[in-house]
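User: I am new to this structure and would like to learn how to read its features. Please take them one at a time.

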Amino acid sequence: MPLDRLYVEAAVAKAPAAAEMIRRAGAAQTVIVENGQTVYEAVLRDRPEHWMAMNNLAMLLLDGDPRRALSLAQRAHELNKESGAILDTLGLAALANDQPEYAVDVLSTAREKAPTDSRIALHLA
C-alpha cells in the first residue's frame, strides 16, 4: 500500500470528520496527476530530450506505471547527471520496481549532490 494511503487512513481514523475533505483532496490530486501527465507527455513529444519533463512525469507515474517511471528517470539522469532531484526520482522508481539496494545507492548519491534537500533525506530514511 502506498505511503500516502497509509497517512490518509491514519488521519481519517483520528479525525473522521476530515474524511470528506480528504476525499475531495484525493479527487483533486487525481485531476492534477492526469492533467500533469498530459502536459508532460505533450512537452516530451515536442522536446524529447527535456529532462525536467521526464523527471516530473516519472514522479507522477511511480504508483501507476513504475516500470515506465524507472525508464523515464534513467533517461533523465543520462541527460542530467548532476541533478539531485533526478537521482531522488530514480531512487524512488527503483524502489517502486523492487530494487531496494539500487534505490539506496541512488538516493545516497542524491543526498550527496543535494545535502539540504529534506525530501531526499526523507526518502533515504
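User: What percentage of the residues in the protein chain is buried?

Analyst: This is a predicted model, in which local features need pLDDT of at least 70, side-chain atom pairs count only at pLDDT 80 or more, and totals for chains, interfaces and linings use all residues. Residues are numbered from 1 along each chain as its sequence is written, and side-chain values use heavy atoms, with hydrogens and water left out. Buried means under 20% relative accessible area, exposed over 50%, and partly exposed in between (1.4 Å probe, protein chains only). Here, 30% of the 125 residues are buried.

User: How many helices and strands are there in the protein chain?

Analyst: Both are DSSP runs numbered from the N terminus: helices are H or I with at least four residues, strands E with at least two. This chain has seven helices and zero strands.

User: Where is asparagine 55 found, and what is it in contact with?

Analyst: Contact means heavy atoms within 4.5 Å. Asparagine 55 sits in helix α3, residues 51-61. It counts as buried because its relative accessibility is 7%. Leaving aside neighbours within four places in sequence, asparagine 55 is in contact with Ala76, Ala85, Ile86 and Thr89.

User: At roughly what angle do the axes of α3 and helix α5 cross?

Analyst: Axes are lines fitted to C-alpha atoms, for helices over the stretch in contact, and angles run from 0 to 180 degrees between N-to-C directions. The axes of α3 and α5 (residues 84-96) cross at roughly 35° and come within 10 Å. From α3, the contact is made by Trp51, Asn55, Ala58 and Met59; from α5, by Ala85, Ile86, Thr89 and Leu92.

User: Which residues touch the most other members of the largest nonpolar core?

Analyst: A nonpolar core is a set of buried Ala, Val, Leu, Ile, Met, Phe, Trp, Tyr and Cys residues joined through side-chain atoms within 4.5 Å. The largest one has 21 residues, and Leu44, Ala69, Leu72, Leu90 and Ala93 touch the most other members. At least two residues of this core come from each of α3, α4 (66-79), α5 and α6 (100-113). Beyond four places in sequence, leucine 44 touches His50, Ala53, Met54, Leu57 and Leu72.

User: Is aspartate 88 buried or exposed?

Analyst: Aspartate 88, in helix α5, counts as buried because its relative accessibility is 7%. Not counting residues up to four places away in sequence, aspartate 88 touches Leu107, Ala110, Arg119, Ile120 and His123. Aspartate 88 and alanine 121 are 33 residues apart in sequence and 9.5 Å apart in space, C-alpha to C-alpha.
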